[in-house]
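Visitor: I would like to learn how to read a few features of a model like this one, taking them one at a time. Could we begin with a helix, and then go on to a pocket and to the aromatic rings?

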Amino acid sequence: MLLALGIFFVGVAVMARFYAYPTLAVAPPDQVAHTTSKTKEDGTVFVVATQKPTKLPLTSTRTVRGDVVAAEKIGKALNRKVVVFDTAVVTDDDPAYEFPSEDDAKRDEKLPLSFVQERVVLDAHTGEAIPWNPDQAKDNSGEYITTTLKSADRKRPGDTVFKDGHEGLVLKFPFGTEKKTYKFWDSTLRKAFPIEFEGETHLLGLKVYKFVQKIPKSEVPQAEKLKVPGALIGQKGQPTVVVDRSYENTRTLWIEPVTGAIIKGEEKQLATIDYKGETKIVATDATIGYDEATVKKNVEGATVDGKAEGGYAEKASQLHLIGFWVPLLSLILGLLLLGLAVFLSMGPKGRRAA
């Protein structure tokens, strides 16, 4: 009996570590998540209507929705476990902003200050972007990025401003995040940059890793050069002038290491309009980060539109139990039982010798 129990508990340890944990440590393909970020102090934004940089309170909302059907199809084609997410990030000075209806005559005038929508294919275990660019005539499930609501404006891998598709980490870190440098995606520059581990801290009692990404001033890729009225940048003798868009950012992310979930995020962005290498207009100058309600939801969990979101403290605890404590304790118990079985099977003389 001791021998059988020992073998059983060793088997439990092996199954928990090498089967149950890998099965559970995957991003859910049907995940839906909402995050809200706000500026603590008003940010500076160039308002096209007034042609002036203006101080405004900014709110940015991100919606992430998993596409289960696409994940199954792409996973079969690539022979690996993947998840497919459609994301939309809307930034405006109106915290309750809603997109205008399709038949609104002034629809274009009512668009938000900033908008970006993406489809990304990720490895379900590591969170890393996977290239997926099928023939659109046969399969429209490929990754894309767009800053307008028109489907014709979607940029796909191979486009001059989105030539390589997504790369690096995009929406989450790997399960079992390590204290090292990763590469994290930046939607503005359409490429991934290093993001470095900078310490360990706690948010609402939850242990998190802090990562910082410093993106140097870079020219924003554009299909066509931006043109502005000459008078706007001090060139009154020219009706229009070709200018460059520049962007830099310091992005800080706080990661729950067991699940790789982003618990909190903050960005310090500076975007400018440059002419002949000289900054002429500040397009955006703002520090924006997750609000308290979003951080609390990510840690403790909440129900949004009837669906559970966040709750990574409990998820991390459960995953750590399956991946570490159950295998460890089962292995120790199994080895003790096996040792006891061997000891008892030796007989009195053998036990005395032992």
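Visitor: Which residues of helix 4 are buried?

Guide: In this predicted model, the buried residues of helix 4 are Y312, A316, L319, G323, P327, S330, G334, L337 and A341. A residue is called buried when its relative accessible area is under 20%.

Visitor: How many residues does helix 4 have, and what span does it reach from its first C-alpha to its last?

Guide: Helix 4 runs over residues 312-345, which makes 34 residues, and its end-to-end C-alpha distance of 48 Å is close to the 50 Å expected at 1.5 Å a residue. The span should be read together with the course of the axis: helix 4 has a kink of about 40°, and this kink is centred on L321.

Visitor: Let us turn to the pocket. What is the general idea behind finding such a space?

Guide: Rolling a probe the size of a water molecule over the atoms shows where empty space is left. In the present case, the second largest pocket holds about 410 Å³ of space, and 23 residues line it, with K38, K40, E266, G289 and Y290 lying nearest its centre.

Visitor: Which elements give two or more residues to the lining of the second largest pocket?

Guide: They are strand 1 (32-39), strand 2 (43-47), strand 13 (261-275), strand 14 (278-290) and helix 3 (292-300). Strand 14 provides the largest share of that lining, namely six residues. Sorted by class, the lining of the second largest pocket comprises six nonpolar, six polar and 11 charged residues.

Visitor: How many aromatic pairs are there, and why is the pair of F162 and W185 edge-to-face?

Guide: Rings are paired when their centres lie within 6.5 Å, and planes over 60 degrees apart count as edge-to-face. The count by this rule is seven aromatic pairs. The ring centres of F162 and W185 are 6.2 Å apart and their planes stand at 70°, so this pair is edge-to-face. The pair links distant parts of the chain, since F162 is in the loop between strand 7 (144-146) and strand 8 (182-186) while W185 is in strand 8, 23 residues apart. Both F162 and W185 are buried.

Visitor: Why is the pair of Y182 and F211 edge-to-face?

Guide: Their ring centres are 5.9 Å apart and their planes are at 65°, so the pair is edge-to-face. Y182 in strand 8 and F211 in strand 10 (residues 206-219) are 29 residues apart, and the pair links distant parts of the chain. Y182 is buried at a relative accessible area of 9%, and F211 counts as buried at 0%. Finally, F173, Y182, F184, F197, Y209 and F211 form one aromatic cluster.

Definitions and conventions:
Residues numbered from 1 in each chain as written. Predicted model: local features only at pLDDT ≥ 70, side-chain atom pairs only at ≥ 80, totals over all residues. Heavy atoms only, no water. Helix = DSSP H or I, 4+ residues; strand = E, 2+ residues; numbered from the N terminus. Expected span 1.5 Å × (residues − 1). Bend = angle between axes of the 7 residues up to and from the residue. Buried < 20%, exposed > 50% of the residue type's maximum accessible area, 1.4 Å probe, protein only. 1 Å grid on protein atoms, 1.4 Å probe; cavity = no way out; pocket = protein on both sides within 12 Å on 5 of 7 lines; lining within 4 Å. Points joined across faces, edges and corners; volume = space filled by probe spheres on them. Nonpolar A, V, L, I, M, F, W, Y, C, P; charged D, E, K, R; others polar. Phe/Tyr/Trp six-rings, centres within 6.5 Å; stacked < 30°, edge-to-face > 60°.
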